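Please walk through this structure with me. We will look at its rings, its charges and its cavities.

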Amino acid sequence: MTKDEIEALTFAYLECLDDLRLAEWPEFFTEACTYRVIPRENFEAGRTLCTPTWTVENVKCLFSCANSAKLGRRGTTPGSAPAARWV
Amino acid sequence: MDAAPVAPTRLWPADETGRVPYWVYTDPGIYARELERIWYGPHWLYVGLEAEVPEVGDWRTTTLGERPVFMVRSAPDTISVVENRCRHRGVKFCQARAGRSEQLICPYHQWAYALDGSLIGVPFRRGVRRQGGMPPDFDPKEWGLNRLRVEVVNGVLWATFSDATPPFREYLGEKFCRHYTRVYDRRKLAVLGYNRQHIPANWKLTQENIKDPYHAGLLHVFFVTFGLSRADQKSAVEMDAEGRHGILISRKGEQEVNDVTASMPNFQADLKLADPRIMDVVKEFPGEETVGMITVFPSVILQQQINSLTTRQIIPKGPGGFDFVWTHWCYADDPPEMRLRRTRQANLFGPAGFVSADDGEVIEMSQQGLAPVPQDAALVTMGGREIGDTQHMVTETAIRGKYHYWRKVMGL
């Protein structure tokens, strides 16, 4: 990936969230990944608790479950499908 | 001493227990009186866990009411809570969250305090070459950091600004001592990690959210969908004799469609967790309850949601907002798989939790709606107008109980 491509990806990601296009958000993730948002306080103290941690084999399936609440309220039909794993 | 008078228009509605006027969440005079009579009055405030300061010299900073404090291990068997405010010029002299030191030193003029708050060093106290210095009547013993009364109760540290506060167990009451010791059972605790968030809503709304089981099966799609909270499951709401502390108890339900789910528009029977390990519940406490959410007035929510154990500390920041600090903990002797289970379940809670994110958002929306109309009032008559323990979830009795006590303390 070039620097320009990385920048374009970052901006597209931010615009997607700014516009609350949550159904498109999972498209930014690879199929299998661990997604962790760790508070600096925990990281510095060597604590692993994150806000949140998800390990997934298929991130699209995970988000269709995890965000069904919000997506449902916005009138989007949550997808079906499995294969998410919690760490 | 009350900092500000309460406006004469602040009268309680005629429906005494059934309504809560919105000015309780917005009025700066009310808020000032709350600080004096509630936060700095005869109430125990949550400070932290004993496990956070294991060695002599270990300290953490936090805020009680609006006052910054240290919790510090001042001797092997003593934890002190002293105000983080230099007695010289009022400096909040420690800005860090945690550390370890032999003394507490203010950077402004290097006044030095022992770990228990005693003043032990004042540079140039006797002047320089017989010039200047403190007057002869200056007695360092009178100028230690303000020290709070402290109790450590089964691993949790509590402090109070008032001499009138009864001992902690008496403050909690016999019934709530039983609820408390079900989870805080003298085993050693350990910290898994923290979450912090600011919620732009009055501090009282967060305890009311936990005193309101009515919303749990309606707002929280995740709970409803995956069978953790249902209006038809066995549950109970209990209060202490004063109405100030509350507990919400429930038992895990099954995901099934019936007449109750029909009134839950958020119920989605077709959704299944692909990996249900986040809901992998292990029975570990006596009784059949899977949830015990205790609101200890005024400062904390003690959470036991299945295997997730958390303290949620409330730090008021004016009438329109509060900081919310989540300390996720485990037992020190938990095997690794139990720590992992608790860590997984922590995904449900905190600022981005599948469940708790809903609460933070909805009480912010409450504040937005009620702030412009302080003369209007909320309706809290679900389950009647009585104040008393119930064996179901369709009630707002614990909110009514809280305001019964709040009005007494506030003189309103």
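**Rings, charges and a cavity in chain B**

Trp329(B) is buried, with a relative accessible area of 0%. Buried means under 20% relative accessible area, exposed over 50%, and partly exposed in between, with a 1.4 Å probe and protein chains only. Tyr331(B) is also buried, at 0%.

This is a predicted model: local features need pLDDT of at least 70, side-chain atom pairs count only at pLDDT 80 or more, and totals for chains, interfaces and linings use all residues. Residues are numbered from 1 along each chain as its sequence is written, chains are lettered from A and ligands numbered from 1 in the order written, and side-chain values use heavy atoms, without hydrogens or water. The model scores ipTM 0.83 and pTM 0.89. Chain B averages a pLDDT of 92, and 92% of the residues score at least 70. Here pLDDT is the predictor's confidence in each residue, from 0 to 100.

Now the rings. Rings of Phe, Tyr and Trp (its six-membered ring) pair if their centres lie within 6.5 Å; planes under 30 degrees apart count as stacked, over 60 as edge-to-face and the rest as tilted. By this rule there are 24 aromatic pairs over all chains. Trp329(B) and Tyr331(B) form an edge-to-face pair, 5.2 Å centre to centre with 85° between the planes. Ring pairs link both into a cluster with Trp44(B), Tyr46(B), Trp158(B), Phe168(B), Tyr180(B) and Tyr184(B).

Charges meet rings too. The charged end of Arg67(B) sits over the ring of Tyr40(B), 4.1 Å from its centre. The charged end of Lys402(B) sits over the ring of Tyr403(B), 5.1 Å from its centre. The rule asks for NZ of Lys or CZ of Arg within 6 Å of the ring centre and within 35 degrees of the ring normal.

Next, the cavities. The structure holds four of 30 Å³ or more. A cavity is a set of points, on a 1 Å grid over the protein atoms alone, where a 1.4 Å probe fits but cannot get out; lining residues have an atom within 4 Å of a point. The second largest cavity has a volume of about 90 Å³, a volume being the space filled by probe spheres set on the points. Its lining includes Arg312(B), Trp326(B) and Asp359(B). Helix 8 of chain B gives the largest share of that lining, four residues.

Finally, Ile399(B) is buried at 7% relative accessibility. The C-alpha atoms of Ile399(B) and Gly243(B) are separated by 8.6 Å, though 156 residues apart along the chain.

Conventions: On a 1 Å grid over the protein atoms alone, a cavity is a set of points where a 1.4 Å probe fits but cannot get out, and a pocket is an open set with protein on both sides within 12 Å along at least five of seven lines; lining residues have an atom within 4 Å of a point. Helices (H or I, at least four residues) and strands (E, at least two) are DSSP runs, numbered from the N terminus.
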